[in-house]
Amino acid sequence: MKKYLLSRKVGRKKWAGFLLIIFLAIVLFIRYSSVGKSSSSSVGESPQKQSAYEFFNNNNNEGSNDVVDENVKLPESKSIVELVTFKEKPRLIDVEGLNDLYSLSCNFSKEESKALLVWDKMRLLLSRSDGLNGTAQGVKEAALAWNDLLSFIEKRKATESFEKENEDCPYSVNEFNATTSRDGSNLRIPCGLVEDSSITVIGIPDAKQESFQIELVGTKLPEELKPPIVLNYNVILPGENLTKEPVITQNTWTDELGWSKVEICPHHGSTDMNKVDGLVKCNAKIFRNNVEEIANATSPSSPKSADVSNSSAYGTSNYPFLEGNPFTATLWAGIEGFHMTVNGRHETSFAYREKLEPWLVSGVNVIGGLDIISVLAKGLPVSNDLDLGFDVEDLKAPPTPKKRLVMLIGVFSTGNNFERRMALRRTWMQYEAVRSGEVAVRFFIGLDKNRQVNFELWKEAQAYGDVQLLPFVDYYSLLTLKTIAICIMGVKILPAKYVMKTDDDAFVRIDQVLSSLKGKDPNGLLYGGISFESAPHREKDNKWYISAEEYPPSSYPPWAHGPGYIISRDIAKFIVQGHQERELMLFKLEDVAVGIWVEEFRRKGNKVQYVDDDRFHNAGCDSDYILAHYQTPRMVLCLWEKLQKEHEPNCCE
């Protein structure tokens, strides 16, 4: 009994000592936290100038977990978001053209090969059995384009002649560059269209023929019967006696799928209220007659007009295309689709269809019942005139240090967006953090189907050293592959503490991005404009449509809007390894895809901090911005000028 009581007494002392140790530990932790906060704030108030590298590496991680940020949101341990998992691990498959992309060689120097650093590490990603829709087509077409480009480069090297030819990318082309045939007027577009490119047709309708068409066509591949039609704008005329219903139909055509879903204006009884770039798809003022919609419309190349008796003619007071009346019609490329303005009034809009984007346009055909006065295309992408050489050295990517970068910024761009890239080089890529080499900026660009665009892009890559070419044709549906490519570069090629993704129409205040990152825990970070509650769009006409088969859950995990966001190195590394081992799903909405991968990172037991900052503007610009989106090259230059002169982040429009 004494032995038992003695053991109980000793046990109580041990418990008392244990509780005392815990209490002292808590006191020390609280005091340490308060000291950490005060010292952190005092550092932030110091006026001493530091380089970006010193800024982020002095007292690198010590105490960083204790810094409180009111914008940081940590998810609950039990997420309400259901995560998509594989039924079986994706396999590696043969993809037509992939071997050609990695076996075709050219005698590139070490410097020339720097544009292909990520290219060499993308092969397994393009071989996945669960590849994104369009991967097979993008790889196959890229192989043809790459072979054509290599042959052209070899030819130019052999002649030691890189002088200008008549194949430049001009700002405009007109009827003097067109050829006329029985089928109408054909105008060649040398280097595709970009945002705000326009095609103006001046003509007089001929009612003796029931319609005329304006077609934007792409480049024909060797095995195709005819080139893809990026847009068929078909105008059905009312006829000499106004006996046919005047309508406008818009559609696309590809060799693989044929004619797509036709859009008709007026769309009687249509419930489609979606707008394109904020503009209605059909101007309701065109037609005031309550007539029956054309039934079973199929091919716009052979339209079926609605015939009526001579006693019930159709009113045409608002119809923009009438027999004998000259008109000026301007078709222009917006952010989301094509828009038609006739005699100064908006008439129709047409959202871009998948894999039929404006950069693909290689020609304009005007055919049918129309006497053509002129056809003019302007606002076309203009390649950089490297022969001038006035400031190429000042705009070149600076050498990168051997030590780890503070940040890699990957910029999404397409091959013919020459002007946008040049605007960035002249503005926010001139920040000291970039020129010192502590922050690296690289453009990530897939191949074009147009040889001239690819050659101009190759010359640009060699001149500025900031372009990474990717082994697939640059379709919108393959953007997620670019995100992974950026992570590969930030992890394996130019190791960086942070990896940022942005677009070539965004203005980024790099100084403010770095300042905002200071003091944040550099692990498990997703920083930008965060969407915490969102769901897949199930409407098929929606640009961001996602079927239940592609993504069964009813909601997305938190994700950062695509114009600009930052992830920490550990997340970038997780993304690279996850796709290398085929353990992460591919998803066509690249910004949401990152959110899905970050959620998987969290479920592996890692802490994630979502930092929402409303200064990252998803659309447009606002005062005190960190990132402004949808900025034209002119606006980008204006924003930079305001920062230099006014030292205030004021918007230009």
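Predicted model: local features only at pLDDT ≥ 70, side-chain atom pairs only at ≥ 80, totals over all residues.
**Reading a sheet and a core**

Biologist: How many bridges join β4 and β10?

Modeller: Two strands count as paired if DSSP finds at least two bridges between them. Strands are DSSP runs of E with at least two residues, and helices are H or I runs of at least four, numbered from the N terminus. Here β4 (residues 198–205) and β10 (residues 327–333) pair antiparallel over 6 bridges.

Biologist: Which strands stand at the edges of the sheet?

Modeller: The order in this open sheet of 5 strands is β12-β11-β10-β4-β14, with antiparallel pairing. At the edges are β12 (345–351) and β14 (370–378), each with a single partner strand, so one side of each has no neighbour in the sheet.

Biologist: And what is in the largest nonpolar core?

Modeller: A nonpolar core is a set of buried Ala, Val, Leu, Ile, Met, Phe, Trp, Tyr and Cys residues joined through side-chain atoms within 4.5 Å. Buried means under 20% relative accessible area (1.4 Å probe, protein chains only). The largest one has 154 residues, and Trp428 is among those with the most contacts inside it. Helix α10 (residues 479–493) gives the most, with 10 residues.

Biologist: Where is the other core?

Modeller: Another core, of 5 residues, lies apart from it, including Leu395 and Met422.

Methods
Residues numbered from 1 in each chain as written. Heavy atoms only, no water. Buried < 20%, exposed > 50% of the residue type's maximum accessible area, 1.4 Å probe, protein only.
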